[in-house]
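Let's take a walk through a protein structure together. Keep the 3D view open and follow along as we go.

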Amino acid sequence: MNVKDIPQKEVFRYLGYHNTIPSETIQSVVIDCISELLNHCSIHHTYKIFDCTIQHTKIIIDNHVIIESKNLSKNLNECNQVILFAATLGVQADILLKKYSHIDMSKAVIMQAAAAAVIEEYCDQCQMEIEKTLAKQKLFLRPRFSPGYGDFDLIHQKDFITLLDCPRKIGLTLTNSFLLAPSKSVTAVMGISKTNKHCHIKGCEACTKTNCIFRRGDDAI
Amino acid sequence: MSILELLGSRIVFFDGGTGTLLQQKGLQAGELPEIWNIEKKQALIEIHQNYFESGSDIVLTNTFGANRIKLHDIDYSIEQIITAAVENAKIAAKNACINRKGYVALDIGPSGKLLQPLGDLSFENAYAAFQEMAIAGEKAGADLIVIETMSDIYETKAAVLAAKENTNLPVFVTVVFDEKGKLLTGSDVNTVVAVLEGLGVDALGINCGLGPHQMLSLAEQILENCSIPVIIKPNAGLPRNENGKTVFDVSPEEFAQAMEKIVDKGICIVGGCCGTTPAHIKALYEHCKNKTLLPIIPKNKTIVSSYTHTVEIGNSPIIIGERINPTGKSRFKQALREKDFDYILREGFSQQQKGAHILDVNVGLPDIDETQMLISVMKELQSVIDLPLQIDTSNVLAMEQALRYYNGKAMINSVNGKKESMDAIFPIVKKYGGVVVGLTLDENGIPETAEKRFDIAQKIINTAQSYGISKKDIIIDVLAMTISSDQFSALETLKALHMVKQQLGVKTILGVSNISFGLPQREIITSHFYTMAMQYGLDAGIINTNSDAMMHSYYAYRALTGLDNNCMNYIEQYGGQSSITLTTHLHTDISLSDAIIKGLKERAKQAAEEQLQQIEPLTLINTELIPALDHVGKGFEKGSIFLPQLLMSAEAAKAAFEAVKIKMGKSGEIQTKKDKIILATVKGDIHDIGKNIVKVLLENYSYDVVDLGKDVPPETIVETAISQNIKLIGLSALMTTTVTNMEETIKQLHDKKPDCKIVVGGAVLTQEYADMIGADYYAKDAMATVYYAQKILG
């Protein structure tokens with residue numbers, strides 16, 4: 001990934017700029033942060049395909065993992081296979097964040113937003129690669145859906161960590177409170193379907209906190 | 001024959017992968033393989049036996065994840081699982097090995113957690129989990145311990161210490177590198193070798209992650225630096241994703257051929273990892289069993305490391321930054337007493353920027369707990385700065401603890417020729433590894449002559465050798481004494497330096513600055529002495545990197561002695577400058593309040609310094625600093641200023657306050673801080689950026705912030721609130737899963753300290769949520785806490 005691959009407007013959105021364009025100084029710090037992250041981080045991902053069955057709001061993955069979620073079952077409607085996916089910017093992103101928290105808090109905040117944009121873009125690119133492979137088998141991919149979206153409980157982070165062997169494969173671990181460590185990481189379910197059914201519900205839009213200033217929407221730049 | 005004896009006699013063979021074999025025998029998805037040690041014993045015995053029959057000398061027990069962090073809520077204890085696992089392997093050895101011994105290695109894999117400060121597992125808890133395994137393994141009769149598939153050198157250190165401190169078994173360690181030769185947590189090959197050799201493991205190497213072809217160059221790199229036996233255990237090629245399943249492509253024959261090349265380089269312990277089978281091991285055995293063992297040549301490199309990289313002493317002069325030291329620095333002393341780690345870290349960052357290779361860390365003050373302080377400062381430094389550290393203390397307990405928790409191979413400052421010093425320091429150098437500074441003084445003080453200092457150096461080296469510490473891990477300081485009291489002292493020091501270096505063949509170090517003590521314009525003398533010392537063979541100088549004169553000596557010396565390729569470093573430093581004195585353009589026409597509003601840090605500091613020559617510090621705070629901050633705060637509230645700008649202004653104000661602090665320190669005035677406020681990210685939560693933002697802003701308004709950090713247990717917050725009688729407490733939490741701990745903290749605070757107010761904030765919180773968990777106030781953004789503090793505390 002190059003600096004230009006990372007959508008700066010997403011960074012501005014995470015910083016709460018909504019429909020304002022930041023000053024040139026801030027914009028150049030945004031670019032610095034993105035390139036520093038890309039230079040320092042060793043970004044990794046892993047995924048696996050599992051069988052899944054859906055019974056109303058209950059999703060059963062690999063015959064033994066049971067997830068209860070209305071939102072996810074809707075997202076996976078008519079899928080009988082899913083991809084479990086995990087990606088991380090690694091410990092280096094957290095180290096950079098910590099470093100700037102000590103010496104320059106404004107840069108730390110921008111770094112935080114830039115890191116979020118980098119990991120999202122990375123996930124998008126991985127997803128496109130997977131889509132290409134599946135397309136050869138005339139299969140389609142549903143949008144990413146992560147624990148914490150809607151009623152998909154965070155406790156299921158542990159299923160990703162275990163099923164994908166994340167600590168060993170990509171160095172992604174879970175704390176006792178089900179937080180991902182390194183912090184700039186993503187886990188997600190992607191349904192595999194035989195029909196190219198457009199699915200509108202993505203993470204941000206699925207959230208019930210409709211007055212959030214960071215919410216993605218038409219009025220955002 | 002013990003495994004260590006076997007190791008010196010021929011190539012030694014490990015087993016291969018077990019995961020796929022267990023699946024073939026019916027291990028279901030989601031089932032814990034470790035349980036099979038007890039419930040499907042026969043399956044494990046067969047697998048182990050198969051490997052022994054294929055030529056393995058050592059098999060690993062099926063205990064990779066049998067630690068209390070991964071295995072809980074099961075019907076068996078860790079000891080039961082490990083005992084059964086060792087027993088299975090021993091039965092297999094007995095069945096398969098006739099006329100030879102089959103060795104059983106207790107397999108210890110990673111905890112699956114990330115260690116603090118990046119994750120929530122403490123070093124002690126990691127240690128305890130590995131300790132439990134090691135004790136059970138030895139009791140059950142394992143012949144050795146193999147710590148494998150590690151991707152964090154710090155966690156590996158915990159495991160090695162647990163194995164070595166609690167058992168008498170040989171310890172082998174293998175880690176996982178990526179193709180660039182890095183662990184997932186950033187350590188490079190040389191660092192891993194330096195740290196593990198320092199800890200005294202019996203063999204080290206790599207497993208998993210890569211196939212035999214990719215491991216060849218890594219094997220070579222290890223061999224270049226390593227003085228102990230090296231282990232290589234690749235996967236059967238690089239993993240490939242086929243329909244979402246992981247597959248490995250390298251056949252037994254191809255595997256064996258590739259491994260043969262690795263063995264020819266000097267590797268003496270081989271085996272396989274993921275995707276390898278008894279057939280791979282059989283082929284490997286057939287190809288390599290008759291190979292001659294190449295001798296292991298000791299590498300005499302003097303190496304220290306952080307957790308990411310090593311610094312070799314002895315090629316080009318090494319700079320050790322001396323600034324993290326309270327001696328003669330009242331601002332630094334204040335920072336230590338107030339636990340102002342930000343200040344100390346900034347000293348670290350600035351030295352790194354100026355070109356230091358290693359940082360000396362001395363935090364000794366008579367009225368503080370040095371051990372605790374040293375560990376805290378060291379951990380803080382290591383969490384953000386990747387330079388190796390030189391632990392500088394005369395307190396042996398503090399030194400021992402610092403070396404225990406240091407992440408890497410440290411420099412140890414220091415031991416001296418006194419028996420008492422050597423008796424205390426050498427055992428801990430031997431145990432934890434490190435390069436130790438030997439000062440040429442003894443019971444009779446510092447000798448005047450070079451010859452006598454040389455004698456002490458020799459005594460130090462000989463005594464170290466009797467502890468098993470090699471000369472490469474000693475660096476001698478022949479001590480620079482000021483020329484103001486003895487005009488020949490510099491010459492004597494240089495003579496001693498030369499003798500020690502030439503005749504004892506040991507590396508040298510000097511605290512350079514002492515030479516000019518008591519003289520005017522000390523930099524002139526110090527920097528010239530520094531150049532002379534380098535010319536006489538000084539390998540590492542402990543210097544003030546903030547001094548331009550010293551850095552000029554350093555860059556000029558390297559350029560003049562052919563150490564700086566095409567003078568590139570020199571040109572990089574000084575090219576493009578019209579003269580040596582740098583003039584920085586600092587917008588000199590901008591006022592202090594404008595500098596704060598615009599977020600110009602450097603100018604704010606300079607403007608404050610200028611104004612402080614005319615007006616009193618307090619007046620400056622009240623007439624310029626606070627109004628500027630208020631202006632920015634209001635803009636943020638209205639939505640015309642955004643978070644990054646608010647914080648840039650806060651940083652600029654902070655720089656101005658720093659100038660105020662220095663001025664007040666000089667005039668002996670004590671800064672009146674407003675009331676204390678506790679800030680903490682609640683237990684279970686490791687996301688503390690929001691809390692840190694609030695801290696910067698509160699400090700701008702002169703509140704005395706007691707920052708308890710992240711992942712803070714409710715009890716710690718309550719105790720601090722009571723013991724320091726604090727009336728306002730700010731708590732942050734990011735995720736729904738940690739808000740329960742916030743609620744618990746609030747409950748305990750309301751019970752035990754009813755007169756305090758609690759303000760909460762964090763991504764997941766709303767007014768309703770805050771009300772529900774009993775908070776007194778919900779801060780919707782960064783400034784809201786400042787306004788609430790002003791309302792409650794004034």
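This is a predicted model: local features need pLDDT of at least 70, side-chain atom pairs count only at pLDDT 80 or more; totals for chains, interfaces and linings use all residues.

Residues are numbered from 1 along each chain as its sequence is written, chains are lettered from A and ligands numbered from 1 in the order in which they are written, and side-chain values use heavy atoms, with hydrogens and water left out.

Head to chain B and look for five strands in the order β22-β21-β23-β24-β25, which form an open sheet with parallel pairing. Helices (H or I, at least four residues) and strands (E, at least two) are DSSP runs, numbered from the N terminus, and two strands pair if DSSP finds at least two bridges between them. At the edges sit β22 (704-707) and β25 (777-778) of chain B, each pairing on one side only. Zoom in on β21 (residues 676-681) of chain B: four bridges link it to β22(B) in the parallel sense. There, I677(B) stands opposite V705(B) of β22(B).

Now for the helices around these strands. Helix α30 (residues 782-793) of chain B packs on the sheet and touches β21, β23, β24 (757-761) and β25 of chain B; contact means heavy atoms within 4.5 Å. The direction of α30 makes about 175 degrees with that of β24(B). Angles run from 0 to 180 degrees between N-to-C directions, and axes are lines fitted to C-alpha atoms, for helices over the stretch in contact. Helix α26 (residues 689-700) of chain B lies across β21, β22 and β23 (728-732) of chain B, at about 165 degrees to β21(B).

Next, where the chains meet, 53 residues of chain B are in contact with 48 residues of chain A. About 4300 Å² is buried between them, 64% of it from carbon and sulfur atoms; buried area is the accessible area (1.4 Å probe) that two parts lose on being put together, summed over both. In chain B, L184(B), F642(B) and I689(B) lose the most area to chain A.

Finally, how many disulfides does the structure hold? Zero, over all chains; a disulfide is a pair of cysteine sulfur atoms within 2.5 Å.
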